[in-house]
Structures are given as structure tokens and as C-alpha cells.
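Work through the exercises below with the sequence and the model open side by side. Each task is followed by a worked solution.

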Amino acid sequence: MQLQSFSTHDSTDCKSNISKAETLVPNFSNMDLTRLLSDELLLMVLSKLPDSQRKPNFLVCKRWHNLQGRLVRSFKVLDWNFVQSGRLTIRFPNLTQVDLINACLVSPRNSGIWLSHGKFSMRLDSRFSLNSRVLEEHLLSVEMIDKGLKALASGCPNLRKLVVIGASEVGLLSVADECSILQELHLHKCNDNVLRGITAFQNLQILKLVGSVDGLYCSLVSDIGLTILAQGCRRLLRLELSGCEGSFDGIKAIGQCCQMLEELTLCDHRMDDGWLASLSYCENLKTLKIVSCERLDPNPGPDKYLGSCPALERLHMEKCRLGNKMGVRAMFRVCETVKEMVIQNCWGLENDNFSLASTCRRVKLLSLEGCSLLTAEGLEAVFLSWNKLQSLRVVSCKNIKDGEVSPALWTLFSTLKEFKWRPDTKSLVGK
């Protein structure tokens, strides 16, 4: 009985001591251990997570919500007030890439008519007309856009890429003053006056200019603007001109001044006759892309003015009309040094015009897609003169038939390192 009494008393004391110990030791199961980490250390941990897991982290707590904002580098803005009020830069202070296009558009919220065109996506009211300039009617004022650019630039000094529509020279200058390391700029609805502002960007390497887009908006980029661009952006590596006008003089100025230019893209160009001859002034150009052009160069001028691009390696033509023999001949003459040639979904490229490519004797890779007028005879006339061809891709060229391919051409195909032959759905060779 004494032992039992002693044991009971001792047990009571032990329980009392355990309960006191529990009050002294924290309950780690209910404690946020990340509070023991500094912001810098927690940011390092969060930055290692894959992108698919980063978004849910915004919902963990207020601290994580704020820290995650510091990890965001690229942002596509949909609400202009978010920019102009400064909330964008407060919420995401370390942005390096910002797309403002859709935020610059004002559209009715309750409309059931939706317009999508490239980077644009907006609602339209029932009064719109396909013959009008739709975007001009729904674009913010230049003053508002410039004011938003100033707020963005002051809060994001590390900005490296900016996409905007409808800005003025003043707005671009405010960005250039604050964002000295900006390297890539896309200007939609650009004109000659706006281009005066880009001369202040000392480190600009990639530039895309969109002048006019049929049915959406109209803006003029001419030789004046191209000359301003050439004199102010001498470090350009890549240039895209979409819906821009100009002529021999404008492209020549770019070639002479932008001596580091390696890639030039012309989309829906409105260049005057004779502009092709100016490409020879781009001495370090390696890639030339021509996209969605109704006319290459109907009157390129005498052959003595048509030089070639000495460093050009790649020619890419997509959705172009290649029915004009003079323009196609001038194009292949200027691009006679290319090693890679891609012709995709171009209209009017028949055997006679394609035979002009025989002057490009350095071609190692050729890709033909959607060239419905070409035949096996037209291919043979060119391929047998190309002794360096190593890779060939022929897809959806319905007039090229297996039965019309000569033994000499089949022999050439057998020596290729890469070969894809699907001119139509019935072809069984090279799949």
C-alpha cells in the first residue's frame, strides 16, 4: 500500500512536470518556420521552384505574396490604371520585360464581339466596321500613354524589353532616361516623329517597328524615319520593319550605319521599286526574312546595281507573292551566298521562277512547303546545279509527283544527310 501510494504521488508529479515542459517548448506543428528565414534567403529558395509551382505560392501568406512579386520578371499588362497609378512597379519592382499593348486599348466589357490579330485582343461594340481603322478608335490618348510610360520607367530601371503601341517621342525619351540598359523595343503604330525618341536608347539591340496594319490603324514610317533610326541605333543586331514604307535610300542608310546588323525582317512592306539593290550595303547581314509581302520588287533596276550580301547565310520567305520574275530574279541574285533557304506558303512560285535560284550554289539546306505550282522537273533544274545540298524538306507541294522524279534526282536524294519528302498525302518516300 505504501508503494502504491508512493507510485501514485510520483506519477502525479511527473504529469505536472510534463505539462510545465509543454508550456516551455513551442509547438512546431503550428509555427511558420519560414519566419526564421530572412527575405533574401527565402527568395533564393522560392526562385528554385519550377514555374508551375510559383503561382500557388502567392496564396500562402501576405509575406510570400510580396516576395513572389519580386521574382516576377515578365508581365503582360491588361489594365492601364495598374501602370499609371504606380501599382505595377510597387507590386513587381524587378520587371525586365513588359508588354503594354492590350492595356493601351479601351474596349466595352459587355460586348460579345471579340477581335484578335497577332498581339491584339479586344472587344468591339456593334457599331464597328471592317473598313474602318478599328484600333485607332479604341486606343488611349497619346498623353495618357506617355504618362504611363514615365511611371513605368521610374519604377523599373532594369527594364530590358518593352512592347507598346501609340507612344510619342516624349514617352520614349522618358523611358530612355530611366532605363539605360533597355535592349529590345517593339513599337506599334509607329511613325517618323516617334523614331526621333529611340535615338536616346544607347544599348538598343533588337527593334521592331510596325507602321500600318490594314483595317486596324495607319501610321507612316518612311525613308525619313529609317534614316533617323540608322543614325541613332548603331548597335542594332536585329531589325523588323512591318507595314513600313521607304525605298533604296532608307535601307541603304541602315546598312551603312548599323554595321552590326545581323538579322533583317520585312513584313508586309510598302517599299518603292528598286529597294532590293540596297541590301548589298548590309555587309554583316546573316539572316533575311520576308513575310506577307504582296510584291517583292517589280522593278529592281539594272543588274549592275544589284550587289549581293557577302555574309548572308539564311533566306526565309513566307506568305509572299513570287509571280514577278524580275523581282524573284533580283532576290536570288542579292542572296546568292545563302546556305539555308526556306520558302513557305508562297504564291506564284512556278518552275521558271524557281529555276532562278540556281545562282545560289552554296545552299546546304532547302525547305519547300505549300509551293503548289512547282513540279519535279522544276526541282531537278535547280538541284543538279547545287553540289553542296545536304538537307531537303518538301511538304505540301501537290504538283510534285513521285512518278515524275528522274533517276538522277533519286540518286541525289540518296546522298542527302537529312531528307523529308511529303509533297502530298500519297507520297511514301522520305516520311
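The model is predicted, so local features require pLDDT of at least 70 and side-chain atom pairs pLDDT 80 or more, while totals for chains, interfaces and linings use all residues. Residues are numbered from 1 along each chain as its sequence is written, and side-chain values use heavy atoms, without hydrogens and water.

**Exercise 1. Cysteines**

Step 1. Classify accessibility, where buried means under 20% relative accessible area, exposed over 50% and partly exposed in between, with a 1.4 Å probe and protein chains only. C179 has 1% and is buried; C293 has 2% and is buried.

**Exercise 2. Two helix pairs**

Describe how α8 packs with α9 and how α10 packs with α11.

Step 1. Helices (H or I, at least four residues) and strands (E, at least two) are DSSP runs numbered from the N terminus. Axes are lines fitted to C-alpha atoms, for helices over the stretch in contact, and angles run from 0 to 180 degrees between N-to-C directions. Angles under 35 degrees count as roughly parallel, over 145 as roughly antiparallel, 65 to 115 as roughly perpendicular and the rest as oblique.

Step 2. Helices α8 (residues 142-155) and α9 (residues 169-178) have axes 8 Å apart at an angle of about 5°, which makes α8 roughly parallel to α9. Contact means heavy atoms within 4.5 Å; on the α8 side it involves D146, L149, K150, A153 and S154, and on the α9 side V170, G171, L172, S174, V175 and E178.

Step 3. The axes of α10 and α11 come within 8 Å and cross at roughly 0°, so α10 is roughly parallel to α11. From α10, D223, L226, T227, L229, A230 and Q231 meet D249, G250, I251, A253, I254 and C257 of α11.

Step 4. List what else α10 faces. Its buried residues are D223, G225, L226, I228, L229 and A230, and these pack against β7 (206-210), β8 (238-242), β9 (245-246), α11 (248-257) and β11 (270-271).

**Exercise 3. I206 and N299**

Locate I206 and N299, and list their contacts beyond four places in sequence.

Step 1. I206 is in strand β7. Its contacts are Q183, E184, L185, L236 and R238.

Step 2. N299 sits in the loop between β12 (287-291) and β13 (314-318) and is partly exposed at 44% relative accessibility. It contacts D273, G274 and M326.

**Exercise 4. The largest nonpolar core**

Which residues touch the most other members of the largest nonpolar core?

Step 1. Such a core is a set of buried Ala, Val, Leu, Ile, Met, Phe, Trp, Tyr and Cys residues joined through side-chain atoms within 4.5 Å.

Step 2. The largest core has 119 residues, and L100, F354 and F383 touch the most other members. Helix α12 (residues 325-334) supplies the largest share, five residues.

Step 3. Outside four places in sequence, the contacts of F354 include I343, L366, V382 and F383.
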